[in-house]
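Open the model in your viewer and keep the selection panel handy. We will start at one end of the chain, step back for the overall picture, and then look inside.

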Amino acid sequence: MSDNPCLSCGACCASFRVDFDRSELESEGGRVPDGLAVELTGRLVRMRGTDHAQPRCAAFSGQVGARASCGIHEWRPSPCREFGERAPMGIGDAACARARARHGLAPI
């Protein structure tokens, strides 16, 4: 079992918009499934569900703070790969703390 707090958190998946370059889509040679993104501009796309008043990424499964998982973890877009890079080492940051607070969780 990993000590990575992200594997049971998911607060970021239910807190923020996730915008990324369309080159990350499968149809453009990337790995993010096209059906999980909506077009914003000619170059910019957004993960489905992350633009709602109460964001929840379409690839997120489980419950925030308990059984969190990403259905496309290996293929997730760059903003998700870059978010909370030190969290697996138990080191949170301001954005992670904001996401966790939104869901009543203490910072890591």
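Which residues does Pro-107 touch, not counting residues up to four places away in sequence? Select Pro-107 and you will find Ala-97 and Arg-100 in contact with it, where contact means heavy atoms within 4.5 Å.

A quick note before going on: this is a predicted model, in which local features need pLDDT of at least 70 and side-chain atom pairs count only at pLDDT 80 or more, while totals for chains, interfaces and linings use all residues. Residues are numbered from 1 along each chain as its sequence is written, and side-chain values use heavy atoms, with hydrogens and water left out.

**Stop 1: the segment after H2**

Stay on Pro-107, which sits in the segment after H2. Pro-107 is exposed, with a relative accessible area of 57%; buried means under 20% relative accessible area, exposed over 50%, and partly exposed in between (1.4 Å probe, protein chains only).

**Stop 2: helix H2**

Next, select residues 94–102, helix H2. Ala-95, Cys-96, Ala-99 and Arg-100 are its buried residues. Looking down the axis of H2, you will see these buried residues within an arc of 130°, so they line one face of the helix; the arc is that of the directions from the helix axis to the C-beta atoms. On the face turned away from the buried side are the exposed residues Ala-94, Arg-98 and Ala-101.

**Stop 3: the whole protein**

Zoom out and switch to cartoon. The protein has two helices and five strands, arranged along the sequence as β-β-β-β-β-α-α. Helices (H or I, at least four residues) and strands (E, at least two) are DSSP runs, numbered from the N terminus. The C-alpha atoms fill a box of roughly 40 × 30 × 25 Å along the principal axes. Of the 108 residues, 31% are buried. Among contacts between residues at least 6 apart in sequence, 52% join residues at least 24 apart.

**Stop 4: a buried arginine**

Finally, select Arg-22, in the loop between strand E1 (19–21) and strand E2 (37–39). Is Arg-22 buried or exposed? Arg-22 is buried, with a relative accessible area of 16%. Show its surroundings: leaving aside neighbours within four places in sequence, Arg-22 is in contact with Glu-28, Glu-39, Thr-41, Gly-42, Arg-43 and Val-45.
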